[in-house]
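This report describes selected local features of one protein chain. The sequence and structure are shown first.

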Amino acid sequence: QKSALYLLLAQRQHVQDLDEMKRLLYVAATRAGDRLMFTTGQSEREFNLWQLLQSGLQGEFSPQEIVYQPDSLSHLNPSDPPLPALAAQRLIQPIFGGLQLPVTALTDYARCPKQFDYQHIQGHPGEAIKTGNSGREIGILTHRLLAQKIKVITQVSAPDLNLSPNQVKEAFTLAEQFRNHPNFAAVQSGQWERFLSFKLGKIHFNGFADLVGHDFVLDIKTEQEVNPQAHRFQLWAYATATQKPQAYIAYLRHHQLVHFSTADLRAIAQEADQLLTAIANKAFEPTPSVKACHYCPYTDICDQAALAISKV
C-alpha cells in the first residue's frame with residue numbers, strides 16, 4: 001500500500017514533469033517561421049501533448065482552424081533503405097600513440113594477432129561464445145569474496161552474477177582454499193584489487209592486479225586448466241607497473257602456486273617488447289589453431305579460422 005507521503009511526492013513529481021513538458025513544447029512551437037506542423041502517435045503521453053497544445057491555441061484560433069481527426073490519418077510504412085557498402089577498414093588510421101588497452105590485450109595478441117585486431121583495433125563486437133557453464137561468474141565472485149574479506153557464506157550476495165546456491169558455495173570454497181591452504185601462505189598479505197594505469201612504448205594499459213604485496217604481485221585463477229605461460233605477459237605487465245621483482249599465479253582448484261622470478265620476468269620482457277613492436281607496425285596476420293579458433297568470437301568472419309577447423 002502506498003503511503004500518504006509517497007502519494008504526495010508522486011503528485012509533486014507529476015506536476016514538475018507536466019511543467020517541464022509545457023516548457024519544452026513552447027520552445028519547440030515558437031521556433032517556426034512560416035508554418036508549424038505537428039504529428040502525434042497513439043501513446044498516452046503523445047496524446048496528452050496534443051491536448052496541451054489544443055488548450056493553448058483555443059484563444060487564438062477558432063475550433064474550425066484546429067482540426068484533429070485521427071481516423072483520417074494514414075500510417076507511413078517506409079521501406080528499409082539499402083545498406084551502405086561495408087568499409088574496408090573501420091579506422092582509417094589507428095593512432096597507436098593514444099591507444100588504450102586492457103592488460104590482457106598482450107595475451108590476446110600472443111594468442112592470435114588477427115583476433116587482437118578485430119577486438120582492440122577495429123572494435124568489432126564479434127559473436128558471443130557460450131561455454132555452457134558459469135566459470136567466469138564463479139571466478140568474479142571468488143575474487144570479490146577475497147577482496148572484500150568475506151569469510152561467512154551467509155554474507156555472500158551476488159544477484160548480478162545470476163549464480164545458483166551451489167555455484168555461490170563453490171566460489172566461497174575456492175576463496176577459503178586460498179586463505180587456508182599452506183601452498184598460498186606466502187602470498188596472503190597486500191593490497192587487493194589495485195588499479196593500474198601505465199604506459200609501455202606508445203600504448204597505455206589499464207587493469208586490476210588481484211593482490212600487490214611487499215615484493216610481489218599475484219594473479220588468482222579459478223579455471224580448470226593450469227597454463228601459466230598463457231598468462232605470462234599479464235603477470236609481467238603487473239610486475240612492471242608495480243615495480244615488483246617477482247610475480248605469482250595462484251590456481252585455486254589445483255592448490256598450485258606458480259612463481260615468476262626476476263629472471264623469468266626479464267625474459268618475458270624481451271618477448272613483450274617484440275609484441276609491442278609488432279602491434280605498432282600493425283602486424284595482424286592470423287595464427288590459427290583448433291583450440292584458439294574454437295573459442296574465438298570472430299571465427300565466422302576469419303578465413304584462416306575456417307581453414308584450421310576444417311582440418312580437424
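## Lys244

The backbone oxygen of G213 lies 3.2 Å from a polar atom of the K244 side chain. The model is a predicted one. K244 sits in the loop that runs between α7 (232-242) and β5 (246-251).

K244 is buried but forms no salt bridge. The nearest side chain of opposite charge is that of D215, 7.3 Å away; a salt bridge would require a distance within 4 Å. Beyond four places in sequence, K244 is in contact with V212, G213, H214, D215, F216, V217, A239 and L265.

## Asp219

D219 belongs to strand β4, residues 216-221. Its relative accessibility is 3%, so D219 counts as buried. The side chains of D219 and K221 are joined by a polar contact of 2.8 Å.

Leaving out residues up to four places away in sequence, D219 touches D210, Q234, L235, Y238, Y248, I249 and A250.

## Helix α4

Helix α4 covers residues 113-121, and eight of its nine residues are buried, so the helix is largely enclosed by the rest of the structure. The buried residues are P113, K114, Q115, F116, D117, Y118, H120 and I121.

These buried residues pack against three elements: β1 (100-102), α3 (105-111) and α8 (262-280). After α4 comes G123, which has a positive phi near 70 degrees.

## Cysteines

With a disulfide taken as a pair of cysteine sulfur atoms within 2.5 Å, the count is zero. C112 is in no disulfide, and the nearest cysteine sulfur to it, that of C302, is 6.2 Å away. C112 has a relative accessibility of 11% and therefore counts as buried.

For C296, the closest cysteine sulfur is that of C112, at 6.3 Å, which is too far for a bond. C296 is also buried, with a relative accessible area of 12%.

## Confidence

The chain has an average pLDDT of 81, and 78% of the residues score at least 70. Over residues 91-95, pLDDT stays under 50. For this stretch the model has four contacts beyond four places in sequence.

Definitions and conventions
Residues numbered from 1 in each chain as written. Predicted model: local features only at pLDDT ≥ 70, side-chain atom pairs only at ≥ 80, totals over all residues. Heavy atoms only, no water. Helix = DSSP H or I, 4+ residues; strand = E, 2+ residues; numbered from the N terminus. Buried < 20%, exposed > 50% of the residue type's maximum accessible area, 1.4 Å probe, protein only. Lys, Arg positive; Asp, Glu negative; His and termini not counted. Polar contact = N/O pair within 3.5 Å; in protein donor to acceptor, adjacent residues only side chain to side chain. Contact = heavy atoms within 4.5 Å. pLDDT = per-residue confidence, 0-100.
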